[in-house]
Structures are given as structure tokens and as C-alpha cells.
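Could you open the model and have a look at the spot where the ligand sits? I've jotted down a few points to go with it.

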Amino acid sequence: MIRESIVITTDKKNNVHVAPMGIIFKKKYIIISPFVPSQTYSNLKEYPYAVINFTDDVKIFSDCILGKKKFKIKPTKKIKSFYLQETLSYFEVKVSKYYQDSIRPRFNCKIINETMRKPFKGFNRAQAAVIEGAILISRLKILPLKKIKKELQYLQIAVDKTAGSNEKIAWTKLMKKIK
Ligand SMILES: Cc1cc2nc3c(=O)[nH]c(=O)nc-3n(C[C@H](O)[C@H](O)[C@H](O)COP(=O)(O)O)c2cc1C
């Protein structure tokens, strides 16, 4: 199963990078698979630690895709990195194995520490729609615009029916981009 997370990595100079990533939990490790080239990939090669954040604030997914660089973060306890201030939970991880691939390499990561901050309050269809919308917008250069618009139109239904304020803000920004 792929879980949508916000991965925070840093380079050697401690510059922070925040990016949505689909990660996979295995029994004893977590897999992060960033495309090449990407900042997440080069950071993990430079400094093999990451923080995997699980947040219900979908604005962070859309803001990342729309190019925002600065987010509210705090220093982590066990590794030298940062977590999202508003995250529900976060996992501090260290790369334990690296599988080279010219398109999508794989980093197996050992969990160093896990922190639960707030309870998960259940599924929301508009949150899922924003995440789908963010994925579509991140593929503007590779998918036909007609297909993207059609899928966004369908996702709009869930947003109209179930969104709260965060979801409305995130969705509006994504729609501005598509226009
Ligand atoms: C929900 C979601 C999941 C994503 N998962 C991945 C992923 O697993 N690997 C990846 O390389 N990009 C993924 N992306 C796209 C990246 O977040 C985006 O392209 C980003 O810019 C990665 O490059 P960067 O590390 O240079 O920022 C995802 C985007 C979204 C919205």
C-alpha cells in the first residue's frame, strides 16, 4: 500500500526541502522512491536521513506542488532534521539500503523514532480529492490537459460536498493554476 506523506529532507548545509511523496511501509522499514532528478533524491544521497510527516492539512500538498518553499517546521528529536508543525504524526528515518535506478531509485529507511502528536479524525473525500488534484497538477507536463481537466471536474464534486476551509483554500489554488 502506498501512503501519501510529506517528506522532509536536508542537504549537507542543512537546507530544508519539503515534498509530497508516496511511501511504502514494510515490516521493518519504509521505502521512499523519488524520481531522478529531484531535490529529495539528491538530498537523500547527500544526507541519508528524512522525516516522513502524515498530515491532514492538504494545503501543504497543494502548496508544495505550486512551488511554495517555506513551511512551519520544528527540529526533530533523534535525527538532525525537521518536522511539520501541524503534522498529526512523523517518523524520523535513516537510509539503510539504496537501490540505484536511472528513473526511480529506492531508499529503504530504518525507523529511528516515531511521534504521534494529534489523533487522526477520519477520512474526508475533499482531502483525497485535493491530493489527487495535486498529483494531476504535478503532471501538467506529461499528461494531456484535456484528461487532467476531466478528472478535476469529477473531483470537484467531492470538494463541493465535503470540503472544510483548508480543503477549499487548497482546491482554489490548484484551480487557479489550471486556469
Ligand atoms: C500526493 C503526491 C505524491 C507524490 N509522490 C511522489 C513520489 O513518490 N516520488 C516522487 O518523485 N514524486 C512524487 N510526487 C511529486 C513530487 O512531490 C514533486 O514532483 C516534487 O517536486 C518532487 O521533486 P523535488 O524533490 O525536487 O521537490 C508526489 C506528488 C504528490 C502530490
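Here are my notes on the ligand and the residues around it.

1. First things first: this is a predicted model. Keep that in mind while you click through the points below.

2. Start with where the ligand is. You'll find the ligand in the largest pocket. The shell around the ligand has 17 residues, and those that come nearest are His17, Pro20, Phe35, Gln39 and Thr40.

3. Now zoom in on the ligand's oxygen atoms. At Pro20, a backbone N or O atom lies 2.7 Å from an oxygen atom of the ligand. Gln39 also puts a backbone N or O atom 2.7 Å from a ligand oxygen atom. With Thr40, look at the side chain instead: one of its polar atoms is 2.6 Å from an oxygen atom of the ligand. As for cover, on its own the ligand has 610 Å² of accessible area, and the protein covers 80% of that.

4. Which elements each supply at least two residues of the shell? They are β2 (16–25), α1 (39–46) and α3 (125–138). Of the elements, β2 gives the most, with five residues.

5. Domain 1 (2–116) and domain 2 (125–178) each contribute at least three residues to the shell around the ligand.

6. Finally, what kinds of residues make up the shell? Nine are nonpolar, six are polar and two are charged.

Note on methods: Residues are numbered from 1 along each chain as its sequence is written. This is a predicted model: local features need pLDDT of at least 70, side-chain atom pairs count only at pLDDT 80 or more; totals for chains, interfaces and linings use all residues. Side-chain values use heavy atoms; hydrogens and water are left out. A residue is near a molecule or strand if one of its heavy atoms lies within 4 Å of it. A polar contact is a pair of N or O atoms within 3.5 Å; within protein, one must be able to donate a hydrogen and the other to accept it, and residues adjacent in sequence count only if both atoms are side-chain atoms. Accessible areas come from the Shrake-Rupley method with a 1.4 Å probe; for residues, only the protein chains shown count as cover. On a 1 Å grid over the protein atoms alone, a cavity is a set of points where a 1.4 Å probe fits but cannot get out, and a pocket is an open set with protein on both sides within 12 Å along at least five of seven lines; lining residues have an atom within 4 Å of a point. A molecule sits in a cavity or pocket if more than half of its atoms lie within 2 Å of its grid points. Helices (H or I, at least four residues) and strands (E, at least two) are DSSP runs, numbered from the N terminus. Ala, Val, Leu, Ile, Met, Phe, Trp, Tyr, Cys and Pro count as nonpolar, Asp, Glu, Lys and Arg as charged, and the others, Gly among them, as polar. Domain bounds come from an automatic or database domain assignment.
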